[in-house]
Amino acid sequence: MAAEHALTAREAAVKAAKAKEEADVTAREAAAVVLRLFDNDAELVSELLGVPAEELEREAKPVTAARAKEIIESLRARAERPRTTRIRKPRTDAADAASSTSGAPAPVVTADDSRADAA
């Protein structure tokens, strides 16, 4: 039973390490892409994201310009694809449902925050 537990823990650790590496690659690529989109203005991107410029540059450095360009092109292609739209049913709030079923007129708030009947 202990060996099975150790094996399960090891498999979980390997999966976690792989997920972390994938997340690190994605973060590096995102940093490179955003810097490229903003003409490598690390100070501007730093202010927009609230991340130190040095950290952005360090993260983006391992990503090649070709890879950043490839990601940007795939994002643009995805943005240009037509999206299917779903027809949404209007939501009814509990207050709306209660007031519409009670038969009494709903109170109306006037400009001076006093209440008046909606008769």
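Start by selecting E29 and R67, whose side chains meet in a salt bridge (2.9 Å, N to O); the term means a side-chain nitrogen of Lys or Arg within 4 Å of a carboxyl oxygen of Asp or Glu. E29 sits in helix 1 and R67 in helix 4 (residues 65-80), so this pair ties together parts that are 38 residues apart in sequence. Helices here are DSSP runs (H or I, at least four residues), numbered from the N terminus.

A word on what you are viewing: this is a predicted model, where local features need pLDDT of at least 70 and side-chain atom pairs count only at pLDDT 80 or more, while totals for chains, interfaces and linings use all residues. Residues are numbered from 1 along each chain as its sequence is written, and side-chain values use heavy atoms, leaving out hydrogens and water.

Is E29 buried or exposed? E29 counts as buried because its relative accessibility is 16%; buried means under 20% relative accessible area, exposed over 50%, and partly exposed in between (1.4 Å probe, protein chains only). R67, at 31%, counts as partly exposed.

Shared partners join E29, R67 and E70 into one network.

The whole structure holds 4 salt bridges.

Finish at V51, in the loop between helix 2 (42-49) and helix 3 (53-60).

Technical notes. Helices (H or I, at least four residues) and strands (E, at least two) are DSSP runs, numbered from the N terminus.
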